[in-house]
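Please consult the sequence and the structure shown here while reading.

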Amino acid sequence: MRAASEWQAGTDLVVCVDGIFSATWRSMTPDISWQWYVSHLRQRRPDLHVLHLSQPADMVEILLGQSANYSSYMRSLCRTVLRNISPEISNVVIIGFSFGGIVALDVITELSKLVPQAAPEYLCLVTIGSSFAGTTRPQDIVLSRSEVDYLQRMFDTERTRSQMEQLAHFSERGRSRILVGRIARDEIVGPDSQRRALEWLEGINVAGDFRFGEFKVNPDNLVRPHDGFLYDLVGTSFVDGLVDGLLPSPWAEAYEPEMPLQPRGGWLAAIRGDNRISSR
């Protein structure tokens, strides 16, 4: 990778993709969105273009058919990314959390079809706690039989594997990287599902500049390591380190972790309607 002195401000884009709000209602799990982290990253790294692709529906809305279908959601995300990509962007890192890892892969694939001539020089996909083969939990029996397109996408392993291979072969015209991250003690997605992508990548023979790897994060939150990851000091500090390693800062500054902020009282406060922000 390039030295920090070789990177120019304004050429790097970080895209953070939410997953499905997995527990129950979105208002009861306010701490699994990238919202806080994106605000934090924009302040800490003003040299970066940072884009947050939010998840508009929660699990209950999806199961009841009250959300837009997955194809419409994808088209909306692609339009958002296109509006935020400028000609000077040459380095793109897309970070997908939970189901957002698969969504991020779909976004990359669709954009490559729409604007192949505007492809960046460097493209990196980072997944954290993503379900590449269902959740490997008992609820998969019910989820796999659902006709909801959101959920069926999670079990479409052939499509996911094919897109992983396409991203790897992006290295034939640029540089591509894939990092697969696992969350220790994950209460939502099993470790086998999170690592499945590595099995696929190990079988790919690519001639260009392609690398892949894995990492494991041991969050501070012992009760909800998955759903609380994006408001976890260890988790978000780890993501900061990833961003700095993949897109080095032009300034030689020592990094000091910042304590994430969340709704006062956690999800109980959200039920009561207390949405004020305070430190943990």
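## Backbone and strand report

S98 is found in the loop between β3 and α4 (100-114), where helices (H or I, at least four residues) and strands (E, at least two) are DSSP runs numbered from the N terminus. The model is predicted, so local features need pLDDT of at least 70 and side-chain atom pairs count only at pLDDT 80 or more, while totals for chains, interfaces and linings use all residues. Residues are numbered from 1 along each chain as its sequence is written, and side-chain values use heavy atoms, with hydrogens and water left out.

Most residues other than glycine have a negative phi. S98, which is not a glycine, has a positive phi near 55°. R185, likewise not a glycine, has a positive phi of about 60°, and R185 lies in the loop between β5 (175-183) and α8 (191-202). Accessibility is classed as buried (under 20% relative accessible area), exposed (over 50%) or partly exposed (in between), with a 1.4 Å probe and protein chains only.

| Residue | Relative accessibility | Class |
|---|---|---|
| S98 | 7% | buried |
| R185 | 40% | partly exposed |

Strand β1 (residues 12-17) is largely enclosed by the rest of the structure, because six of its six residues are buried. D12, V14 and C16 point one way from β1, and L13, V15 and V17 point the other way.

Two strands pair if DSSP finds at least two bridges between them. β1 pairs with β3 (residues 91-97) in the parallel sense over six bridges, and N91 in β3 is the bridge partner of D12. β1 also pairs with β2 (residues 49-53) in the parallel sense, over five bridges; there, L51 is the bridge partner of V15.
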